[in-house]
Amino acid sequence: MNAIEATIARHKTAIRRPSYSLPIKCLLRDGLVHSDTSFFDYGCGHGQDLDLLRGSGIPCEGWDPAFRADGEKKPADVVNIGYVINVIEDLRERDEAVRAAWALSNKLLVVAAQIEFAAPDKEHAPFGDGVITGRGTFQKYYTQNELRAYLEGELGVDAIPAAPGVFYIFKDEATKQQFLATRYHRRIAVPRKRISELRFEQNLDVLEPLMAALTQLGRLPGPEEFPQSADVIERFGSLNKAVALIRRVTEDQPWADIAQRRTEDLLVYLALSRFRRRPKISQLPTGIQRDVKAFLGSYTQACTRADTLLFRAGDPTAIDAACQKAEVGKLVDNALIVHRTALDHLPPLLRIYEGCAWALVGDIDEANLIKLHRFSGKVSYIAYPEFDEKPHPPLRRRVKVTLPTLGIDFFDYSSWQDPPLLFRKEQFLPADHPLYEKFSRLTRQEEKRGLLDQIDDSAPESRWQMRLTESGCAIRGHQVVRTQKRPN
C-alpha cells in the first residue's frame, strides 16, 4: 500500500440522503422490491435506504465496512451494491465486492456507480483508473457502456440498464425475460358491453375477471394465469364457451384490436431481445411461450418477423416514413417529438427504435419528452420535471443516445440563469391524455392574445417574461389573465 492509498478516506463517500437512492427508486418503480421480497444492501452506508424500506413494510438487512461492520452478510432475493465499486481504488477488491454481492443474491443484483456526466466540473488528481477528490476520497467515473461491460465481464451474464449508472443482473433467465417483456406490454381498457344478457349478468363474478384476463393477455389464459378457471369451467363447461358468451355481449372489433396490439407488443419485445442474446424458447416464461404460439405461430416465424422490424429500425428512410405517418407527437424538420405517454401510440417500428436507445441508457425518470431523430439514428430524452404543473416548464436535462456509435451524451441545464421554456405542451401528448384539453385551452388563450407570435415551442424565460409584460398579461395556473392595459 502506497502513501496515497493509506490516506484514502472511503467512509467519507457515504452521504446522507433525504429520500431513496437512485437504485432503490428504480427497484420500487419497476416493482422488483415489495413486502414479499427480502432485500440486502451490500455497503449500506448510514442506512437511510434500509430505514425507508422498513417503514414501507419491506424486510431488509444491510452491511457496511465503516458504519455497520458487525452486520451479517445475508443472502436475499434482491441485493443492492449501490455506489460502492466506484469508491474502491483496489481493482482486485472491487472485483471481489461485485462477486460477493452477486453470490448473496437469490434473484436479482442491482449495481449502481457514478458515471462521467455526474463528475464535478473541477480538476482532481489522477489515481489508478480514477481520481482523488478534494475530500481525500477515491472516485472512479464510468461511462454507461464501460460499466455495463465491466459487470458482464465480471459476472458472465447480461446487465440490464435501469437508469444511467444503474444496472439489473438477474439470476434467472425467465425472470429477466418477463421483466423485459413487461416494459413493452401496453395497458388496454376492457371492452364495454353492447347488450345485456341474463346469463352474463348472473355470472358477473367470474366473467368480469375473465374479461380482464382476456384484455391483459389478448388470448385464452392458461390455468396459472387465471385462478378462477375452474369456477368458469364448472359453470359453462369450458373457457371457450364462456368466451363465446362474452363475445356475444360485446363488440368483435375491440377484441381483434387487442389481439393485434398484443402481437405488436410481442414483436417489439422479440426484436429488442436480439439486442442482447435472444433466449431459446425453452428459456422464456410459460406465458410468453403461449403468446408466441397464439399470435405468431412458431418461435422461428416470430423471430424472423421481429428481425425484419429490428433491421428496418436502422434504416433512416423507414424511420422517417414512420415518423411522418405517426398519429401522435410533433413532427419537426429532423425529428418526431412525443411525450413519454405517447410511446404506446407509436407504430412498432418507432417503439423498437426508442427501445434500442433504452437498452443502452435505461429509464430516465425525469425525462418526459422523447425526440426520435428521423435521419441520424439518435434518440434524445428531454427532462422538463414540472411538465404537468407549470404552464411553461424550464428545461433541466437532455440525454442523447447515438445508436450507430452507441454513444451517450448528457446535457445539464439546471444551472442556466435563463433556461428555455416549453410552449404548446399538448402537441406532444396523445389526444386521450387527461391533461390534453387543459394544455390546449391555455395555448388557445395565448394565441388569441398574440402571446405566441414569434415564440417557438422552446424560448428563453427572459424573452417570455418580456412578451407578457409588453402584452399586459400574466399566466395564473394554466390561464391567461390581464394585469394591466397594454402599453401604447
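Reader: Where does Leu180 lie?
Author: Leu180 lies in helix H6, residues 173–183. Helices (H or I, at least four residues) and strands (E, at least two) are DSSP runs, numbered from the N terminus. Please note that this is a predicted model, in which local features need pLDDT of at least 70 and side-chain atom pairs count only at pLDDT 80 or more, while totals for chains, interfaces and linings use all residues. Residues are numbered from 1 along each chain as its sequence is written, and side-chain values use heavy atoms, with hydrogens and water left out.

Reader: Is Leu180 buried or exposed?
Author: Leu180 counts as buried because its relative accessibility is 5%. Buried means under 20% relative accessible area, exposed means over 50%, and partly exposed is in between (1.4 Å probe, protein chains only).

Reader: And which residues is Leu180 in contact with, leaving aside its neighbours within four places in sequence?
Author: With those neighbours left aside, Leu180 is in contact with Ile160, Tyr269, Arg276 and Trp358. Contact means heavy atoms within 4.5 Å.

Reader: How many Å apart are Leu180 and His392 in space?
Author: Their C-alpha atoms are 34 Å apart, and 212 residues separate Leu180 and His392 in sequence.

Reader: Let us step back. How many helices and strands does the protein have?
Author: The protein has 17 helices and 19 strands. Its C-alpha atoms fill a box of roughly 85 × 75 × 45 Å along the principal axes. Of its 488 residues, 50% count as buried. Among contacts with a separation of 6 or more, 64% are between residues 24 or more positions apart.

Reader: Which residues touch the most other members in the largest nonpolar core?
Author: They are Leu27, Tyr168, Leu350 and Tyr381, in a core of 76 residues. A nonpolar core is a set of buried Ala, Val, Leu, Ile, Met, Phe, Trp, Tyr and Cys residues joined through side-chain atoms within 4.5 Å. Helix H15 (residues 348–361) gives this core its largest share, 9 residues. A second, separate core has 26 residues, including Trp63, Leu147, Phe167 and Ile169.

Reader: What is Leu350 in contact with, beyond its neighbours within four places in sequence?
Author: Beyond those neighbours, Leu350 is in contact with Ile319, Ala322, Cys323, Ala326, Leu336 and Leu372.

Reader: Now for helix packing. How do the axes of H8 and H11 cross?
Author: The axes of H8 (residues 204–217) and H11 (residues 252–273) come within 8 Å and cross at roughly 40°. Axes are lines fitted to C-alpha atoms, for helices over the stretch in contact, and angles run from 0 to 180 degrees between N-to-C directions. H8 and H11 are therefore oblique to each other. Angles under 35 degrees count as roughly parallel, over 145 as roughly antiparallel, 65 to 115 as roughly perpendicular and the rest as oblique.

Reader: Which residues make the contact?
Author: H8 contributes Met211, Leu214, Thr215, Gln216 and Leu217, and H11 contributes Trp255, Ile258 and Arg262.

Reader: Is Thr215 buried or exposed?
Author: Thr215, which lies in H8, counts as buried because its relative accessibility is 1%. Apart from neighbours within four places in sequence, Thr215 is in contact with Ile188, Ala189, Val190, Pro191, Trp255, Ile258 and Arg262.

Reader: What about Arg199, where is that one found?
Author: Arg199 is found in helix H7, residues 198–202. With a relative accessibility of 42%, Arg199 counts as partly exposed. Setting aside neighbours within four places in sequence, Arg199 is in contact with Arg235, Phe236 and Leu245. The C-alpha atoms of Arg199 and Leu245 are 8.5 Å apart, although 46 residues separate the two in sequence.

Reader: One last topic: what is the phi of Gln454?
Author: Phi of Gln454 is near 65°, a positive value in a residue other than glycine. Gln454 lies in the loop between helix H16 (436–448) and strand S17 (458–460). Gln454 counts as exposed because its relative accessibility is 72%. Tyr83 also has a positive phi, about 55°, although Tyr83 is not a glycine. Tyr83 is found in the loop between strand S3 (76–82) and helix H4 (91–104).
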